[in-house]
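Dear colleague,

Please find below the structure I am handing over to you. I would be grateful if you could read the notes that follow alongside it.

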Amino acid sequence: MAPTVCKPTQAGKDKTKMRKPVVEKMRRDRINKCIEQLKVLLKAEIKASTPCSKLEKADVLEMAVVYLKNSTWQPALCPSADAHAQSYANGFSRCIEETTRFLKQIAKPVLTGHFGRTSELK
């Protein structure tokens with residue numbers, strides 16, 4: 001049976017046209033909400049730089065970028081990739097050891113009953 005090709009209907013296009021302004025408004029509302037949250041977080045910096053004037057959204061974003069660049073957080077303070085890799089390797093090794101121990105405890109009685117000997121499991 002050959003696949004059928006569905007063409008977009010006029011009703012589908014109308015739905016998209018009707019939904020687009022709603023989706024765009026939701027996106028703008030999210031952006032505005034986040035900018036307001038940034039204003040609250042950067043209250044001290046905003047007062048120090050512009051005590052009286054009304055800030056534009058771009059000003060708030062620029063202040064946030066400057067604040068983050070000047071903040072005390074430095075990548076050197078984060079654990080290095082080597083430390084993460086070593087931690088992962090240690091965890092993986094421990095997991096393998098515990099899995100092996102568990103399987104030996106489970107497999108020994110099963111194989112003993114099945115084959116009648118345990119000499120191969122020691």
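The notes below cover the nonpolar core, an aromatic pair and a surface patch.

Please bear in mind that this is a predicted model.

Nonpolar core. The largest nonpolar core comprises 7 residues: Ile35, Leu42, Ile46, Leu55, Val60, Met63 and Ala64. Helix H3, which spans residues 57–70, gives the most to this core, contributing 3 residues. Valine 60 belongs to this core. Leaving aside residues up to four places away in sequence, valine 60 touches Ile35, Leu38, Lys39, Leu42 and Leu55.

Aromatic pair. The partners are tyrosine 88 and phenylalanine 92, whose rings are stacked, with a centre-to-centre distance of 6.4 Å and an angle of 20° between the planes. The angle counts as stacked because planes under 30 degrees apart are classed in that way. Both residues lie in helix H4 (residues 81–115); because they are 4 residues apart there, about one helical turn separates them.

How accessible are the two partners? Tyrosine 88 has a relative accessibility of 60% and therefore counts as exposed, whereas phenylalanine 92, at 47%, counts as partly exposed. Together with Ile96, Tyr88 and Phe92 make a nonpolar surface patch of about 360 Å². The stacked pair is thus also found within this patch.

With kind regards

Key
Residues numbered from 1 in each chain as written. Predicted model: local features only at pLDDT ≥ 70, side-chain atom pairs only at ≥ 80, totals over all residues. Heavy atoms only, no water. Core = buried A, V, L, I, M, F, W, Y, C linked by side-chain atoms within 4.5 Å. Buried < 20%, exposed > 50% of the residue type's maximum accessible area, 1.4 Å probe, protein only. Helix = DSSP H or I, 4+ residues; strand = E, 2+ residues; numbered from the N terminus. Contact = heavy atoms within 4.5 Å. Phe/Tyr/Trp six-rings, centres within 6.5 Å; stacked < 30°, edge-to-face > 60°. Patch = residues over 30% accessible without salt bridge, like charges linked within 9 Å, V, L, I, M, F, W, Y side chains within 5 Å. Areas by Shrake-Rupley, 256 points an atom, 1.4 Å probe, with all protein chains shown as cover. Salt bridge = Lys/Arg side-chain N within 4 Å of Asp/Glu carboxyl O.
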